[in-house]
Amino acid sequence: MACTYKYKGVNYSAKEFSDLMSEKNRDIRKEVEIAKSLIPNVPIKMINSLIGIPGGFAQGAFYDNMVIVSTKAAKGTAFHEAFHAVSQMYLTESQLNNLYEEAKKEFGDLSRLELEEELAEGFKQFMEDRGTVQLSPLIKRFYDLIQNLLNVFRSNKGKIFNKIRDGKY
């Protein structure tokens with residue numbers, strides 16, 4: 001029996017999937033380097049194949065306190081997995097509960113695992129929309145001051161996304 005891959009709800013042959021990933025595989029190495037700067041205390045490993053998981057294959061995974069990203073991964077995979085690393089390694093149970101309660105208002109009554117996935121996808125989109133911040137030290141201090149003032153009005157999700165992007169975990 002031929003191996004098939006499911007991606008975004010569509011089944012592909014091995015060749016079709018490989019072609020699709022090649023098209024989507026812009027510079028994943030640069031993305032991984034950015035992710036490393038966001039979560040400097042979490043090892044990030046790249047591998048040249050998809051990642052075997054129960055029930056199939058994945059483009060990225062957070063496992064054993066390490067992020068693993070395939071060189072065949074779609075854009076944003078490293079950021080998606082970086083969110084999992086922060087939520088599972090750095091957030092307290094209270095912070096997670098607050099975050100999931102907030103996420104339920106946005107995504108509906110999903111399981112914690114489903115909410116975690118929605119949030120990870122949200123962080124991936126956040127990074128693709130806003131990117132990383134590269135500022136001089138003086139401007140960075142001013143930026144941090146403004147961010148701290150704005151955090152009073154941000155949602156838990158917004159605060160956490162900004163802290164990850166700013167490399168504060």
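The chain exposes about 10,000 Å², of which carbon and sulfur atoms supply 53%; accessible areas follow the Shrake-Rupley method with a 1.4 Å probe, and for residues only the protein chains shown count as cover. The model is predicted, so that local features require pLDDT of at least 70 and side-chain atom pairs count only at pLDDT 80 or more, whereas totals for chains, interfaces and linings use all residues. Residues are numbered from 1 along each chain as its sequence is written, and side-chain values use heavy atoms, with hydrogens and water left out.

The chain contains seven helices and seven strands, taken as DSSP runs numbered from the N terminus (helices: H or I, at least four residues; strands: E, at least two). From the N terminus on, the order of elements is β-β-α-α-β-β-β-β-β-α-α-α-α-α. Of the 169 residues in the chain, 38% are buried; buried denotes under 20% relative accessible area, exposed over 50%, and partly exposed in between (1.4 Å probe, protein chains only). Among contacts in the chain with a separation of 6 or more, 55% involve residues 24 or more positions apart, a contact being heavy atoms within 4.5 Å.

Strands β6 (residues 60–63) and β7 (residues 66–70) pair in the antiparallel sense over four bridges; two strands are taken to pair if DSSP finds at least two bridges between them. Tyr63 has Met66 in β7 as its bridge partner. Two residues lie between the strands of this hairpin, where Asp64 adopts a positive phi near 55 degrees.

In helix α2 (residues 28–38), the buried residues are Ile28, Glu31, Val32, Ala35 and Leu38. Viewed down the axis of α2, these buried residues fall within an arc of 110 degrees, so they line one face of the helix; the arc is that of the directions from the helix axis to the C-beta atoms. Helix α2 also holds Glu33 and Lys36, three residues apart and thus separated by about one helical turn. Glu33 and Lys36 form a salt bridge, with the closest N and O atoms 3.5 Å apart; a salt bridge is a side-chain nitrogen of Lys or Arg within 4 Å of a carboxyl oxygen of Asp or Glu. Both partners are partly exposed, Glu33 at 48% relative accessibility and Lys36 at 34%.

Seven salt bridges are found in a search of the whole structure. Side chains of opposite charge can pair when their charged atoms come close. One of the bridges joins Glu93 and Arg112, whose closest N and O atoms are 3.2 Å apart. This pair links distant parts of the chain, with Glu93 in helix α4 and Arg112 in helix α5, 19 residues apart. Glu93 is partly exposed at a relative accessible area of 49%, as is Arg112 at 39%. Another bridge connects Glu121 with Lys124 at 3.0 Å between the closest N and O atoms. Glu121 and Lys124 both belong to helix α5 and are three residues apart, about one turn of the helix. Here Glu121 is partly exposed, with a relative accessible area of 35%, whereas Lys124 is buried at 14% relative accessibility.

Ala103 is located in helix α4 (residues 93–107) and is buried, at 2% relative accessibility. Not counting residues up to four places away in sequence, Ala103 touches Gly108, Leu115 and Leu119. The C-alpha atoms of Ala103 and Glu116 are separated by 8.8 Å, the two residues being 13 residues apart along the chain.

Six aromatic pairs are present in the structure. Rings of Phe, Tyr and Trp (its six-membered ring) are paired if their centres lie within 6.5 Å, and planes under 30 degrees apart count as stacked, over 60 as edge-to-face and the rest as tilted. Both Phe123 and Phe126 are in helix α5 (residues 112–130), three residues apart, about one turn of the helix. Phe123 has a relative accessible area of 0% and is buried, and Phe126 is likewise buried at 8%. The rings of Phe123 and Phe161 have centres 5.4 Å apart and planes at 65 degrees, so this pair is edge-to-face. Ring pairs link Phe83, Phe123, Phe126 and Phe161 into a cluster.
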